[in-house]
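Have the viewer open as you read.

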Protein chains: 2
Amino acid sequence: MDKSVAVIGGGVAGIETAATLSNLGYKVMLFEKEKELGGNVLGWDRLFPTRRPAHEVVSNSLATLNSTCEIHTSTTVNSIDENNGIFNIGVISGQHFEANAVVLSTGFELFPAEKKEEYGYGIFENVITSRDLEQMFRKHGKPTMVNGNTPKRVAFIHCVGSRDEKVNRPYCSKVCCVTAVKQALEVKEALPDTEVFNFYMDLRMFGHGYEQLYKEAQMHGVTFVRGRLSETNEATGGGLVIKVEDTLAGKPMRLTVDLVVLMVGMNPRPETDTILNSLGLPKNEDGFAAVKDVHLDFTKTKTKGVFIAGACTGPNNITDSINAARAAAIQVHSYLNPQ
Amino acid sequence: MDKSVAVIGGGVAGIETAATLSNLGYKVMLFEKEKELGGNVLGWDRLFPTRRPAHEVVSNSLATLNSTCEIHTSTTVNSIDENNGIFNIGVISGQHFEANAVVLSTGFELFPAEKKEEYGYGIFENVITSRDLEQMFRKHGKPTMVNGNTPKRVAFIHCVGSRDEKVNRPYCSKVCCVTAVKQALEVKEALPDTEVFNFYMDLRMFGHGYEQLYKEAQMHGVTFVRGRLSETNEATGGGLVIKVEDTLAGKPMRLTVDLVVLMVGMNPRPETDTILNSLGLPKNEDGFAAVKDVHLDFTKTKTKGVFIAGACTGPNNITDSINAARAAAIQVHSYLNPQ
C-alpha cells in the first residue's frame, strides 16, 4: 500500500492512531512538537482508576508502533493545505510533507493556574498543581513542602479553570474529580497522619471504578467538603489560609493548611487553532476542535480526509482517547479504500 | 474474504460494529433478541446534548449496514463455545452458527424502578420513569397525567438505581444527570407554566455541551435541589407528596407534585451473564462484562477472538459506544489478518 497518513500530535491518541494505521500497511508520519512521544501522560505518575504507572500506558502503546512509521519529534506543524485530495503539511522549520489523509490528535494543555491569581499559584510556594503533585510522587513517593517538611494538612481544590465563566472556561474537564480523589487517597497512603480535604462543586465520579475510589478515599479518612475556594493567603505563623464557601453547611469556612493542590482543567491548545484555521475548520463552543457529528462521527471533521481523535475535541480520559484513536483509524482506512 | 464475525446485540454499538466489519468485507451475522434493531435508543424521543431525534441516529447507523450482513432478529444467543479458533454460537431455537470472531454488544437494561418500592413506581400512577417520559414526548410532545391533565409541578429524581448500595448498584450510570436536565428543559419548553424540580446528588454534567444544557435549564426556570428522595406518598387532596433531604439547606423538604419522573440507571443484562458464563469470562465489580485492559484494551476480552463494545461493559453514552464499536471492529480486523 503506498497511501500515506499524517498524524499530528504524539500523545496517547496520536501514538495509537499511528500504530493502528501503520499496522494496516499505511505509510504513517507522526508529528510531535516535543522531544519525546507521550504527551500529557508523561507528566503523570499513576493513572486512575487502577493506579497503574502512567509510563506503562505510554510504553505499551509505543511498543505497538510499526517500524515503518516515520516519527518526527521536535516538529511543530503550522499549516495544512489540501489540493486534489493531497494534503500538504508544513512544519515550523519550513519543511513540507505530503499525505493522503490527516489525523489531528493535538491533545490539550493544562489550565495555567496563575490565571486564577486569587488562588495563589506562583505567589505562594506551597500552592501547587495536580501535575506538580504527580511529579512529587514520581520523585519522592510523597508530597513535600518547599522547605522539605511533610505537610500535615493538604487541601485539594477541584475545578480550577473548569466550570468557571470568570476565566472563560464554562465546561467541565471531566477527569479532575477522579484525579483529585486518586491523589487524595495516595497522600493518605503515603502520609497517614496528614489531614486531607477535597473542596468540590459536584463530585463527578462517573466512570468504571470511580465510585469505588471515592469510597476508598472516604474510608482512608479523606474529608470531602462541597464548596468553592474564594482565596488563598499566607497565615501569620506560616502555612496557607484558604477561604471556602461551604455550600452544604451554608457558611464560609477558613482553614489553615500546609499544601494547596489546584486541580487544573484541560484547555484547547493554540497549536490546534493554527491548524484548524489553516484548514478552515471550526471550533466548538468550548474552543476545542468541532467534530462532524457529536453522536455518529466524533472522529471526523467537516473536511473530507481530515480525521480527529482524543482531547483536542474536548476533555477526555485515556480509555476514550484510545477508543477514539482506533475509531479514527478505521475511518481513515475506509476513506482511503472505498468499497 | 471468507472470514466471518458474529455480533451479539443489535443496539447502536452492535449495528456500528456490524456495519464497519461488513464494509471491510467480512461475513457478518448480527443477532438481536428483539424484533427490531436499535436497542435502548428506540425507547427515546430525543437525545442529549443536541436534542436530535433518537430515531435519526438509529436510521443513519442502519443505512451504513452492508447488504451482505446477515441479520437475525428475534434471536437470543444463549451459548458460545470455541474450538480451534472457531466459535460456535447457539441460539434459543436450537440453531447453531459458526464464526471466526465474536463481538459482544449486548448493551444494558434500565433499572426496574419498582425495586425502589418507597419511590412509588407501580403503586402511584403518576410516578413514571425517564423512559416513560420519552414515550409521552414522542406521542404527545409533552408530559400528561394519567387523567389527561397537564401537570403543574413535575419532580425529576436523579440516581434511581444508581449510587445506591441498598439496591446493590453502587456505580453511577453516567447519562441520567444530563438526560434529566434535557428532559426538565423539554418539560419547561412544552409547558412554560409548569414548575420543574430536579433532585440530584451531584450534577454530573461532564461532556461536551452538558454544562450549556444545565445553564439553559436554569435560565428556563428549572429548580435544582441537592437532595435524595426518601419516599413518595399520595397527597390528601390528590397529587403526590415527596419527602427529600435537602443537603444544601440541611433540612428535610416536603413537596406536593403532580408527576414524579424517576431517572432509572443502567443495569447489566442477564443475557450477557449467560454468554459470559458460557465463555468462562469474568464480570467487573459492577456486574458488567470485564474488559481486558481498562486503559489500553477496553474493547477486548480475556478470550482471544472475543471482542466487546458498548454498554455491556458499563454505562456509556451513544458517542462512546459508537467509538468503542469502531475500535472493536479494527481489533477484529487485526485479529483476523495478522500482519
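In this predicted model, 53 residues of chain B are in contact with 53 residues of chain A, where contact means heavy atoms within 4.5 Å. Local features need pLDDT of at least 70 and side-chain atom pairs count only at pLDDT 80 or more, while totals for chains, interfaces and linings use all residues. Residues are numbered from 1 along each chain as its sequence is written, chains are lettered from A and ligands numbered from 1 in the order in which they are written, and side-chain values use heavy atoms, leaving out hydrogens and water.

**The interface**

Between them, chain B and chain A bury about 4600 Å², with 52% of it on carbon and sulfur atoms; buried area is the accessible area (1.4 Å probe) that two parts lose on being put together, summed over both. On the chain B side, the most area is lost to chain A by Phe206(B), His295(B) and Leu296(B), which together account for 17% of what that side buries.

The rule finds 10 salt bridges across this interface, a salt bridge being a side-chain nitrogen of Lys or Arg within 4 Å of a carboxyl oxygen of Asp or Glu. Arg326(A) forms a salt bridge with Asp297(B), and the closest N and O atoms of the pair are 3.7 Å apart.

Which helices of chain B each supply at least two residues of the side that touches chain A? They are H1 (12–23), H2 (54–63), H5 (210–219) and H7 (318–336). H7(B) gives the most, with 11 residues. Helices (H or I, at least four residues) and strands (E, at least two) are DSSP runs, numbered from the N terminus. By class, this side of chain B has 22 nonpolar, 16 polar and 15 charged residues. Here Ala, Val, Leu, Ile, Met, Phe, Trp, Tyr, Cys and Pro count as nonpolar, Asp, Glu, Lys and Arg as charged, and the others, Gly among them, as polar.

**Helix packing**

Axes are lines fitted to C-alpha atoms, for helices over the stretch in contact, and angles run from 0 to 180 degrees between N-to-C directions. A crossing is left-handed if the near helix is turned anticlockwise from the far one by less than a right angle, and right-handed if clockwise.

| Helix pair | Axes | Angle | Crossing |
|---|---|---|---|
| H7(A) and H7(B) | within 8 Å | roughly 65 degrees | left-handed |
| H4(A) and H5(A) | within 9 Å | roughly 35 degrees | left-handed |
| H1(B) and H7(B) | 8 Å apart | about 35 degrees | right-handed |

In the pair that spans the chains, the contact includes Asp320(A), Arg326(A) and Ile330(A) of H7(A), and Asp320(B), Arg326(B) and Ile330(B) of H7(B). Its residues divide into 6 nonpolar, 6 polar and 4 charged.

**Backbone details**

The peptide bond from Phe48(A) to Pro49(A) is cis, with omega near -10 degrees, and Pro49(A) lies in the loop between strands S3 (46–47) and S4 (52–53) of chain A. In chain B, a cis peptide bond joins Phe48(B) and Pro49(B), with omega about -10 degrees. Cys159(B), in strand S12 (residues 153–160) of chain B, has phi near 60 degrees, a positive value in a residue other than glycine.
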